[in-house]
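Q: I would like to learn how to read pockets, cavities and helix packing in a model. Can we go through them in turn?

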Amino acid sequence: MIERFLGWLGETSWSVALLESLYVWPLVESTHVLTLGLFVGTTVMMDLRLTGIAFRNVPVTAFTRRLLPWTRFGFAIMTATGLLLFYSQPLRYYHNIFFRAKVVVLMLAGANAAIFHTGVHRSAGDWDEDAAPPRSARIAGAVSLTAWAVVVIAGRLIAYNWFDCDLQPQPAWVNRLAGCGVGAAGAE
């Protein structure tokens with residue numbers, strides 16, 4: 001069902017035009033990478049403050065007030081362009097092991113951010129100027145740093161077709177992870 005829908009989506013005229021565009025696709029991809037840099041850059045700065053590794057003399061609320069608008073802007077554009085990239089080849093991305101890993105870690109990073117902002121960050125005024133924030137803030141920062149590193153690495157690896165479903169034979173575990181249809185011809 002999902003594969004049929006994604007196959008149809010990838011064959012729509014807009015999807016094909018986006019993928020085959022001489023200028024639009026590279027512009028979308030470049031914008032995605034640039035706003036990823038903005039988003040991850042501001043996120044890393046905030047996470048380094050939360051872990052107590054850097055910017056220890058800057059109040060957390062000042063950091064948040066100054067960086068969060070840029071972080072949100074980068075996230076919005078990065079998400080929009082990421083969805084367009086997915087739209088250009090939905091079935092290929094759906095079956096890409098690295099894309100699947102990226103999506104899972106993105107969900108974990110989002111849950112971590114939501115828990116942080118609805119939890120310990122609400123009391124940031126109490127520990128605002130502490131060089132070492134509370135343990136829960138440090139954990140949130142460390143999880144975020146790790147998650148975004150994995151997202152960037154997995155995102156970069158999406159471009160390589162090491163495990164594409166049309167590359168058979170390949171190990172059965174690869175076919176399972178990529179959702180290739182376990183009975184693919186020549187699968188080990």
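Q: This is a predicted model. Which helix gives the most to the lining of the largest pocket?

A: In this predicted model, H4 gives the most, with seven residues. Helix H4 spans 60-88. Two or more lining residues also come from each of helix H3 (24-51), helix H5 (90-94), helix H6 (97-118) and helix H8 (135-157).

Q: How many residues line the largest pocket, and which lie nearest its centre?

A: The lining has 26 residues. Nearest the centre are His32, Gly82, Leu85, Lys102 and Ile158. The space in this pocket comes to about 760 Å³.

Q: How many residues of each class are in that lining?

A: Sorted by class, there are 18 nonpolar residues, with four polar and four charged ones.

Q: What is the volume of the second largest pocket, and which elements supply its lining?

A: Its volume is about 490 Å³. At least two lining residues come from each of H3, H4, H6 and H8. In total 22 residues line this second pocket, and Thr43, Leu68, Thr71, Ala113 and His117 lie nearest its centre. By class, the lining holds 11 nonpolar, nine polar and two charged residues.

Q: How many cavities of 30 Å³ or more are there?

A: A cavity is a space where the probe fits but cannot get out, whereas a pocket is open. The count here is one cavity of 30 Å³ or more. The largest cavity has a volume of about 40 Å³.

Q: Which residues line the largest cavity?

A: The lining consists of His95, Asn96, Ile97, Phe98, Tyr160, Phe163 and Asp164. Four of these residues are nonpolar, two are polar and one is charged.

Q: What describes two packed helices?

A: The description uses the angle between the two axes and the distance between them. For H6 and H8, the axes come within 9 Å and cross at roughly 160°. An angle over 145 degrees counts as roughly antiparallel, and H6 and H8 are therefore roughly antiparallel to each other. The crossing of H6 past H8 is left-handed.

Q: Which residues make the contact between H6 and H8?

A: From H6 the contact takes Phe98, Lys102, Val105, Leu106, Ala109, Asn112 and Phe116. From H8 the residues include Ala137, Ala140, Val143, Ser144, Trp148 and Leu157. By class, this contact has 14 nonpolar, three polar and one charged residues.

How values were computed:
Residues are numbered from 1 along each chain as its sequence is written. This is a predicted model: local features need pLDDT of at least 70, side-chain atom pairs count only at pLDDT 80 or more; totals for chains, interfaces and linings use all residues. Side-chain values use heavy atoms; hydrogens and water are left out. On a 1 Å grid over the protein atoms alone, a cavity is a set of points where a 1.4 Å probe fits but cannot get out, and a pocket is an open set with protein on both sides within 12 Å along at least five of seven lines; lining residues have an atom within 4 Å of a point. Grid points are joined across faces, edges and corners, and a volume is the space filled by probe spheres set on the points. Helices (H or I, at least four residues) and strands (E, at least two) are DSSP runs, numbered from the N terminus. Ala, Val, Leu, Ile, Met, Phe, Trp, Tyr, Cys and Pro count as nonpolar, Asp, Glu, Lys and Arg as charged, and the others, Gly among them, as polar. Axes are lines fitted to C-alpha atoms, for helices over the stretch in contact, and angles run from 0 to 180 degrees between N-to-C directions. Angles under 35 degrees count as roughly parallel, over 145 as roughly antiparallel, 65 to 115 as roughly perpendicular and the rest as oblique. A crossing is left-handed if the near helix is turned anticlockwise from the far one by less than a right angle, and right-handed if clockwise. Contact means heavy atoms within 4.5 Å.
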